[in-house]
Amino acid sequence: MTLTECELGCDTQWFATPEIEAYLQEVDAWSDLIVGNQGLKWGRGFHASDCRTAARHLSWVTRTYELAGHWFCEWGAGLGGISTCAASLGMRVFGFEVDGRLVAKAKQLVENLDLVPQFLTGSFIHDSAEIRQQRSDFRAMDILEHSAWGRAPVSAEHVRLFYAYPWPGEEDWIYQLFDEVAGGEALLFCFHGADEYSLRMRQH
């Protein structure tokens, strides 16, 4: 594996604009409905990230590595909150989500913003990825879904920053997949729950 763990800062000066804050409040409300399963029979394996805290880290990463205008890809986009925050920071954004109903809701929630993150239904795992040959029981279940990379706006090698929220115990296969598909000096930003984040870079 050719990954290096990097320093990860936090931009304490970042605050959501009124439009983004109103959007994030809608994302929060729908997240609560899905997690509470209040009549919704979708959002399998869904667990929302803390969009505001993640955005403060994303703001730092974007400025530090001069990523405005570059591609951002979210692995497991859910309702799209992280992707949309990345788009608001000037990145070109797309994300993968296996649950089509989450994708539909993510697209609906972002309609009123002057941002264009793309949400694709399908797996972020390439059909030819080595991880698909393994027979382990992955809680994320993406391993059983067809890849959506064929509909992505760019190939993985052109993405500068990836974001993932791996299930506990599945971090290593996320790192393995990133190492397999990413280009040189690409970055992987991960949320590990309980306010724990990490940043890794793939070396040439």
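In this predicted model, helix α2 is largely enclosed by the rest of the structure, because ten of its 14 residues are buried. Burial here is taken as under 20% relative accessible area. The buried set consists of Cys51, Arg52, Ala54, Ala55, His57, Leu58, Ser59, Trp60, Val61 and Thr62. What do these residues pack against? Their partners are the helices α1 (18-36) and α3 (81-88), together with the strands β2 (71-75), β5 (159-164), β6 and β7.

As for its geometry, α2 covers residues 51-64 and spans 19 Å from its first C-alpha to its last, which is close to the 20 Å expected at 1.5 Å a residue. Just after the helix, Glu66 adopts a positive phi of about 50°.

I turn now to the sheet. Seven strands make up an open sheet with mixed pairing, in the order β1-β7-β6-β5-β2-β3-β4. Strands β1 and β4 (118-121) lie at the edges with a single partner strand each, and therefore one side of each has no neighbour in the sheet. On average, neighbouring strands are turned by 20° against each other, direction ignored.

Let us consider β7, which one of the partners of α2 already brought into view. Strand β7 comprises residues 197-202, and six of its six residues are buried. Which residues point which way from this strand? Tyr197, Leu199 and Met201 point to one side, whereas Ser198, Arg200 and Arg202 point to the other, and all are buried.

Strand β7 has antiparallel pairings to describe. With β1 (residues 3-5) it is joined by three bridges, the two strands running antiparallel, and Thr4 stands opposite Met201. With β6 (residues 187-191) it is joined by five bridges, again antiparallel, and Cys190 stands opposite Ser198. The hairpin of β6 and β7 has five residues between the strands, and Gly193 takes a positive phi near 85° there.

Thank you for your attention.

Definitions and conventions:
Residues are numbered from 1 along each chain as its sequence is written. This is a predicted model: local features need pLDDT of at least 70, side-chain atom pairs count only at pLDDT 80 or more; totals for chains, interfaces and linings use all residues. Side-chain values use heavy atoms; hydrogens and water are left out. Buried means under 20% relative accessible area, exposed over 50%, partly exposed in between (1.4 Å probe, protein chains only). Helices (H or I, at least four residues) and strands (E, at least two) are DSSP runs, numbered from the N terminus. Two strands pair if DSSP finds at least two bridges between them. Axes are lines fitted to C-alpha atoms, for helices over the stretch in contact, and angles run from 0 to 180 degrees between N-to-C directions. The expected span of a helix is 1.5 Å times one less than its number of residues. Contact means heavy atoms within 4.5 Å.
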